[in-house]
Amino acid sequence: MFALQDDAAIALQTDDHDKAYQLARQAMRIAPSDPTSVFLMARVLGRRNRFPEAIQMLDKLALTTPDARLPVLGQTAQWMVQFGMWKDAEQRFRLLLQEAPEATLVHRKLAELLVRQGRSSEAMVHLQALCKLGDIEEIELRHLLAGGRPSHGDAMLDELSPIGHRGRATFSISQGDWEQAKTELEETESLTSDELAILGRIYIQLDEEESLSDWNEEVSASETSDPKLHFPKAAILAGQADHLASIRLLCEAVLFDQTDSEAYRLLSDSLLAINRPNESKEASKRFELISKTKRLGREMSLTEDRDDDKFASLIESLDKLQRPWESLHWCGVRLAYAKANKSLTNNELERLATDIKERSTKLQNTAWIQDREFVTCGIDLNSL
């Protein structure tokens, strides 16, 4: 039986699914309740896209073999994603994180699923967890630059194909197609708070004042205090010259999402309108820095070429924005490309490696917390 299991596993690795199936069936005939044989047969069924059967088989195994529960949750969740059972997959990923909160693979898969659904702020939680756990990939770092959204080129990848109205709207926005994003959401019968927030931004982008006014009436009637709605509300208030109220909302918006460059742009305008030139200038700088990081991330998503000067510029910008975890990992990405492309001298490589080590040690040894007033450009919300 062990030889059959080994041969079936090898056949799976070489994508010889027919052979793997025959061998797994033989192993099941010999020992139908053996956990290894059951898991193997389920994997074979999964490779043959027979996901419901594979999931059912492993769920039964988890009931009889408690030690198999976590591997079963992980494997079946991935099959559920492939089969379009997204809510069930998310539930299983979250169950896994309850028992293994530092499981990077689970954070990765859940972040990817949330990005595809346009659930940006939720995706950011798991992307930031990957940063702090020290296991984050370049594409995920680009998602962080874009606020938990796919960049232009990344959105075209099959594994990031959009899911649902919000996912398709976010995909369209990443391509610069705001009209299509509007159509996607306006055709949705009952919008969630998150979807309303996106639609409000779309109306602002397309300069549709009447639609934005109708949007404001709908949101005001719901009496929701979702911070994702603050930017469109603040834009309306600024247009009515109620800049103090706009500034309050915008400060809360950037505290919720520090990648919201447009919120900083509007914050700068409203601060200038109430004669706060120093804070306005700082907000304007913040807008420029964040816009720069997004632009660099978008450019990298569209090409495999990497320019060391752009890496250095991105890292410098992230340092100025007080986003040290992202900066640390972009240093690591820069080092990897510099070694491969020989874009830095040996001395420069050594200095960069030393810098990475020092950054990592500092972050690991200090409970780093970002200053709220830094995020709000020196504005004390209690003083407004």
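Predicted model: local features only at pLDDT ≥ 70, side-chain atom pairs only at ≥ 80, totals over all residues.
Helices here are DSSP runs of type H or I with at least four residues, numbered from the N terminus.

Helix H9 covers residues 138-145, and both glutamate 138 and arginine 142 belong to it, 4 residues apart, or about one turn of the helix. The two side chains form a salt bridge, with the closest N and O atoms 3.0 Å apart. Glutamate 138 counts as buried at 16% relative accessibility, and arginine 142 is buried as well, with a relative accessible area of 7%.

Lysine 182 and glutamate 208 meet through their side chains in a salt bridge of 2.9 Å, N to O. Lysine 182 sits in helix H11 (residues 178-186), while glutamate 208 is in the loop between helix H12 (193-205) and helix H13 (209-222), so this pair ties together parts that are 26 residues apart in sequence. Lysine 182 is buried at 12% relative accessibility, and glutamate 208 is buried at 18%.

For a pair with another kind of setting, look at glutamate 53 and arginine 50, whose side chains meet in a salt bridge at 2.7 Å, N to O. Glutamate 53 is partly exposed at 38% relative accessibility, and arginine 50 is partly exposed at 26%. In total, the structure holds 33 salt bridges.

The cysteines tell another story: there are 0 disulfides in the structure. A disulfide needs the two sulfur atoms within 2.5 Å. Cysteine 331 is in no disulfide either, as the nearest cysteine sulfur, in cysteine 131, is 12 Å away. Cysteine 251 is buried, with a relative accessible area of 0%, and cysteine 331 is buried at 1%.

Finally, a look at the backbone. Most residues other than glycine have a negative phi. Alanine 241, though not a glycine, has a positive phi of about 65°. Its place is in the loop between helix H14 (230-239) and helix H15 (243-256), and alanine 241 is exposed at 56% relative accessibility. Asparagine 275 is not a glycine either, and has a positive phi of about 65°. Asparagine 275 lies in the loop between helix H16 (261-273) and helix H17 (277-301), where it is exposed with a relative accessible area of 63%.

Methods: Residues numbered from 1 in each chain as written. Heavy atoms only, no water. Buried < 20%, exposed > 50% of the residue type's maximum accessible area, 1.4 Å probe, protein only. Helix = DSSP H or I, 4+ residues; strand = E, 2+ residues; numbered from the N terminus. Salt bridge = Lys/Arg side-chain N within 4 Å of Asp/Glu carboxyl O.
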